[in-house]
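Me: Hey, I've got a protein model open and I'm a bit lost. Can you walk me through it?

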Amino acid sequence: MAPILDNPPAVETVIVRAPRLPPSPADAAFSIIQLPTEALQATPRLDDALELIPGFSLFRRVSSLGANPTTQGVSLRSIAGSAASRALLTLDGVPQNDPFGGWVIFTSLPPETIGSVNVVLGAGSGPYGAGALTGVVSLETPPPRAGDWLVDGQVGALEWERASGVGTVAIGDTLATFAAAAESSNGWDPIRDGRGPADTSLTLRDWTGSARFQRDFGRAVGALRVSAYEEERSAGTLYAGSRDRGAQISLTAEADPSPELWGWRGQLWALASGLSNTSASVSTNQQTATLADNQFATPALGLGANAAARRVWSNATLELGADARADGGEDRETFNNVRGVLTKLRRAGGETFDGGFYAEGTERVGRLLFAADGRLDDWQTFNGHDIESPSNAPSKGVETQYGARGGVIPSGRAGVRYDLDGFEWLRSAVYAGFRPPTLNELFRSFRVGNNVTKANPYLVPERLYGAEGGVGGARGVFDWSLTVFYNRLDNPVTNVTLRDGPYSDPVVGFVPAGGALLQRENVGAVNAYGVEGRVELKINARLSLQTAFDWTHARVDGGTVAADLDGLRPAETPAVVVTGFATWAPLQRVKIIGGLRHEGQRFVDDLNHLPLGAETVVDARAEYAVSSRVTLFIAADNLFNAAVQQNETVNGLYSYGPPRIVSAGIRLAGGP
């Protein structure tokens, strides 16, 4: 936001607190990083801002500007990447992971609507539950204030255009916040060397909108939020692209705790999504492409509820809670191209459920803070099915039914923090978490280029066990922390290579030359240890600097399922990530913002045959405040035009991320 340079007339304002319980005292015992507010304001993409957290990554090395929805899985701490997300992402406590595949549609979450971001590193457990395997990205909307509004417009290279707006009005005793954003881009050419007629640009068209209504009810606060989104992309190859749409509704009520009264929170939510996706096989010389698969519909619905009650005493707290989530969906697609016709029809899907109870307590004794929580969850998968038929005779299908499976899983965490002298601190923690497989992993086979991956309806939940210790402090302008950790991920769901093409598989059809046949499997384990650190300098009101790093040594133990993976690095998992962020206001009306991310080598595949080189990307932005309400800005993403390798095929061709993108825009903002 631009600095206030004028003195507009004073008017009466009403500020309402958000309907969520106050931060738990337990947070101080665990590794939690808050994203700088300036980082959210300086980018139109939430995932780009989150990359300032060194352990954060999407499954592929590409942002939501060019990533297929199915690759936008969120992971933390560089233990092992996953398209299904090994971390939970929530907005005001509501999970945003897709009910069918677990990925996150970042274009549905404009940064203008986010007030703060807290990232929990390490298994979330406790109040977070299933899915918080490697941590939690917790987004919170800002408390509404009647009369606040913001409009942002931006244009740039790649014929990129974006507009967004958010505003709050008072309707009687209710504060209503409306937000919308839309963008379009004609994209870039991901294949540079060896490009052929089969290659196209990565284009994007998307929009999202939301409305949020909040009101006080005596001691309690209630909020209703509804939202919808749609995005359409090309995938860089003829005949390949995706379209995703969805809607969400949530209802939240909360009352703060006090020494005399229990605080409480209750929440209901529903998320519907529908993905369509086409893929193509490409000749080895990139001259021709053939439609290989048409996933024409994937209707999915997720329903959830959670509740918690918290009591606060002078030196202790106790929170009791429960949550449940049910997901159902089906993949509908045609495949097996014979002389230009997709001859087979598949309908595959099912339902999953997870529900659990937890208790979390804290106690402070002098300089010591003790925190612990425990959970007990029941997970189930049922109504699994796969119906295959000729595409021209759907009624003549052969149906395979998969039996119901499930179990009870305990998890929890415990931590202790010792404040040395009011400035420095020591802490340690142990934790255990789990993630059930998604409907996509259980039932949907898929194709990426010439590679085909088979589903596995017999997958079991992943389990993570970890321990860590940290030290840090804050004195004057200097804030720092350093953490060492060890994690063991049991039964990780991994795409295991079975054989190279050409090969005709009875389940997924023909795998062409230059491609490979893979299947999802629970391999033995991933063992990872590492160190992460952060330093922040707030030199004065005009200059602040922040840098952070994550180094992780992660190796696969393939067990009896994939012994040839022993000692290899998990696919799509870098060993080293370093980030930097700086803001500088050399003049009253001028602000310069810079960001940096360096990532070491990673491998595209499980066998570590397809490496991606290290990459360093620098972004910059300059703002000029014309007045208290008008700010002009110019930005350069990938300022030095680094060639960032995103993928490598067995043909030896690399796809690359976007080149330098220079854009300019205007931001209008106002309020009481």
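Me: How many salt bridges does a search of the whole structure find?
Reply: A search of the whole structure turns up 45 salt bridges. Keep in mind that this is a predicted model.

Me: Okay, and why would side chains pair up like that?
Reply: Side chains of opposite charge can pair when their charged atoms come close.

Me: Show me one. Which residue does Arg243 meet in a salt bridge?
Reply: That would be Glu230: the two side chains come together at 2.6 Å, N to O. Arg243 sits in strand β13 (residues 241-255) and Glu230 in strand β12 (residues 220-234), so this pair ties together parts that are 13 residues apart in sequence.

Me: Is Arg243 buried, partly exposed or exposed?
Reply: Arg243 is partly exposed, with a relative accessible area of 34%. Glu230, on the other hand, counts as buried at 16% relative accessibility.

Me: What about Arg621 and Glu623, how do their side chains meet?
Reply: They meet in a salt bridge too, at 2.9 Å from N to O. Arg621 is buried, with a relative accessible area of 6%, and Glu623 is buried as well, at 11%.

Me: Which residues are linked in a network of salt bridges?
Reply: There's a network that links Glu51, Arg60, Arg61, Glu572, Arg597, Glu599, Arg602 and Glu615.

Me: Switching to strands. How do strands in a sheet pair in general?
Reply: Strands of a sheet pair through backbone hydrogen bonds, either parallel or antiparallel.

Me: So what's the strand order in the open sheet that has mixed pairing?
Reply: The four strands go β23-β24-β30-β27. At the edges you'll find β23 (446-448) and β27 (493-500); each has a single partner strand, so one side of each is left without a neighbour in the sheet. From one strand to the next, the twist averages 30°.

Me: And β24 with β30, parallel or antiparallel?
Reply: Parallel: β24 (residues 451-454) and β30 (residues 516-522) pair over three bridges. If you click on Lys454, you'll see Gln519 of β30 opposite.

Me: Which residues does Asp505 touch, leaving out those up to four places away in sequence?
Reply: Asp505 touches Lys454 and Leu517. Asp505 itself lies in strand β28 (residues 503-505) and is buried, with a relative accessible area of 6%.

Me: How many residues sit between β16 and β17 in their hairpin?
Reply: Three residues separate β16 and β17 in that hairpin.

Me: And β17 with β18?
Reply: Those run antiparallel too, joined by 22 bridges. Gly328, for instance, has Glu351 in β18 as its bridge partner. β17 and β18 form a hairpin with two residues between them, and Arg339 in the turn has a positive phi of about 50°.

How values were computed. Residues are numbered from 1 along each chain as its sequence is written. This is a predicted model: local features need pLDDT of at least 70, side-chain atom pairs count only at pLDDT 80 or more; totals for chains, interfaces and linings use all residues. Side-chain values use heavy atoms; hydrogens and water are left out. Buried means under 20% relative accessible area, exposed over 50%, partly exposed in between (1.4 Å probe, protein chains only). Contact means heavy atoms within 4.5 Å. A salt bridge is a side-chain nitrogen of Lys or Arg within 4 Å of a carboxyl oxygen of Asp or Glu. Two strands pair if DSSP finds at least two bridges between them. Axes are lines fitted to C-alpha atoms, for helices over the stretch in contact, and angles run from 0 to 180 degrees between N-to-C directions.
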